[in-house]
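Student: I've got this model open next to my notes. Can we walk through it together?

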Amino acid sequence: MPENCRSDHGRAAGTRSTAQPAITGLIQEYGGRWTIAYQLDLSVWSAERRSQDGRSRWFICDREPALLAARLADAEAGQ
């Protein structure tokens with residue numbers, strides 16, 4: 001789970017226990033290229049990616065980790 005993700009009994013606040021495998025898969029698949037975080041105040045999962053030169057940044061978010069993973073797949077396929 002991301003460092004800035006607040007948890008409640010081992011899972012992110014606002015997520016269902018059935019979402020846990022999706023969160024783990026999201027981080028395993030994209031965590032090396034994207035910074036994944038749960039935004040508690042907005043109840044959304046977000047991903048940030050910076051270009052190697054630091055001049056470009058991409059932000060993608062969704063309320064469900066599985067849907068965020070699908071958006072990240074689309075973003076990476078379009079690059």
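Predicted model: local features only at pLDDT ≥ 70, side-chain atom pairs only at ≥ 80, totals over all residues.

Student: What kind of aromatic pair do Tyr38 and Trp45 make: stacked, edge-to-face or tilted?

Tutor: Rings of Phe, Tyr and Trp (its six-membered ring) pair if their centres lie within 6.5 Å; planes under 30 degrees apart are stacked, over 60 edge-to-face, and the rest tilted. Here the ring centres sit 5.0 Å apart with planes at 55 degrees, so the pair of Tyr38 and Trp45 is tilted.

Student: How far apart are the end C-alpha atoms of helix H2?

Tutor: Helices (H or I, at least four residues) and strands (E, at least two) are DSSP runs, numbered from the N terminus. The expected span is 1.5 Å times one less than the number of residues. H2 has 13 residues (65-77), so it should span 18 Å, and the distance between its end C-alpha atoms agrees: 18 Å.

Student: Which residues are exposed on the other side of H2?

Tutor: Start with Pro65, Leu68 and Leu72, which are buried in H2. They cover an arc of only 55 degrees around the axis (taken from the directions from the helix axis to the C-beta atoms), so they lie on the same side of H2. The exposed ones on the other side are Asp74 and Ala77.

Student: Which residue forms a salt bridge with Arg33?

Tutor: A salt bridge needs a side-chain nitrogen of Lys or Arg within 4 Å of a carboxyl oxygen of Asp or Glu. For Arg33, the closest N and O atoms of the bridge are 2.8 Å apart. The pair links distant parts of the chain, 43 residues apart, with Arg33 in the loop between H1 and E3 and its partner in helix H2. That partner is Glu76.

Student: Last one: which residue has a positive phi near 60 degrees?

Tutor: Most residues other than glycine have a negative phi. The one to look at is in the loop between E3 and E4, and at 34% relative accessibility it counts as partly exposed. It's Ser43.

Terms used: Residues numbered from 1 in each chain as written. Heavy atoms only, no water. Buried < 20%, exposed > 50% of the residue type's maximum accessible area, 1.4 Å probe, protein only.
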